[in-house]
Amino acid sequence: MSRIDTVAAFPAAVLFDLDGTLADSAHDLLAAVNEVRAARGRLAMPLEAFRPSVSRGARAMLLAAFPDVGDTERESWVPELLDSYQRHLGRHEGVFDGIEPVLRALEDAGTRWGIVTNKPEYLARALLPHLGWETRCAVLIGGDTLPTRKPDPLPLTTAADRLGIAPADCVYVGDDRRDIDAARAAGMRSIVALWGYRLPGDEPADWGGDVMVECPADLLDPRAWPMARVP
């Protein structure tokens, strides 16, 4: 029996990481970190030194900004950093070039999309109106929404459940190894977003993602997506 030709199609659902995948949040976060530095008499940190740590969360950003300070003291500054970031939220933040066309293409194809991030939910939810996504994002799971966060698979499987779509029918897109580990554990296919934030020495080819993509525009082609072919 001959093989039936297949037609390229987008996945039923796509879940995205937020910082470093959809949103270029480095400038707002840098402003917040530099506010914390200024309060301690330190000069502003340059973007190029700060940017690689953005996807790793508040503690990693504070470590980059204060490598000479002990863990316990830095930990006590996390609420201060988050409060500062909330004040700066949306002032400089935008989406990466090419993301909006990808989201529109998914929506036009009937694909539902959502966000699973380790950013606290209240901050992620507050950012959505600045990006025009408050009515478009079908599900949002933050780092404090559930008892665990990425790389644990629970946030991804919960997001799929809320969409009413099996994890195997979802694809997760992220720029950090924790994203790819979480997707694998959740039974989802994954895409490594190479335009995101990475520390020196990171090797995305070693993460085990199903696909690595150089820029968002590549995702306009359904053939670039894993699981994208249907009979």
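Residues A58, R59 and L62 of helix α3 are in contact (heavy atoms within 4.5 Å) with V78, L81 and L82 of helix α5. By class, this contact of α3 with α5 comprises five nonpolar residues, one charged residue and no polar ones; Ala, Val, Leu, Ile, Met, Phe, Trp, Tyr, Cys and Pro count as nonpolar, Asp, Glu, Lys and Arg as charged, and the others, Gly among them, as polar. Helices (H or I, at least four residues) and strands (E, at least two) are DSSP runs numbered from the N terminus. The axes of α3 (residues 58–65) and α5 (residues 78–88) lie 10 Å apart, at an angle of about 100°; axes are lines fitted to C-alpha atoms, for helices over the stretch in contact, with angles from 0 to 180 degrees between N-to-C directions. The two helices α3 and α5 are therefore roughly perpendicular, a term covering 65 to 115 degrees, with under 35 counted as roughly parallel, over 145 as roughly antiparallel and the rest as oblique.

The model is predicted, so to speak of local features requires pLDDT of at least 70 and side-chain atom pairs need 80 or more, while totals for chains, interfaces and linings use all residues. Residues are numbered from 1 along each chain as its sequence is written, and side-chain values use heavy atoms, without hydrogens and water. The chain averages a pLDDT (the predictor's confidence in each residue, from 0 to 100) of 92, and 95% of the residues score at least 70.

Turning to the sheet, six strands form an open arrangement in the order β6-β5-β2-β7-β8-β9, with parallel pairing; two strands pair if DSSP finds at least two bridges between them. Strands β6 (140–141) and β9 (211–213) each have a single partner, so one side of each lacks a neighbour in the sheet. Four bridges join β7 (residues 170–174) to β8 (residues 189–193), and G174 stands opposite V192 in β8.

A cis peptide bond links K150 and P151, with omega about 20°.
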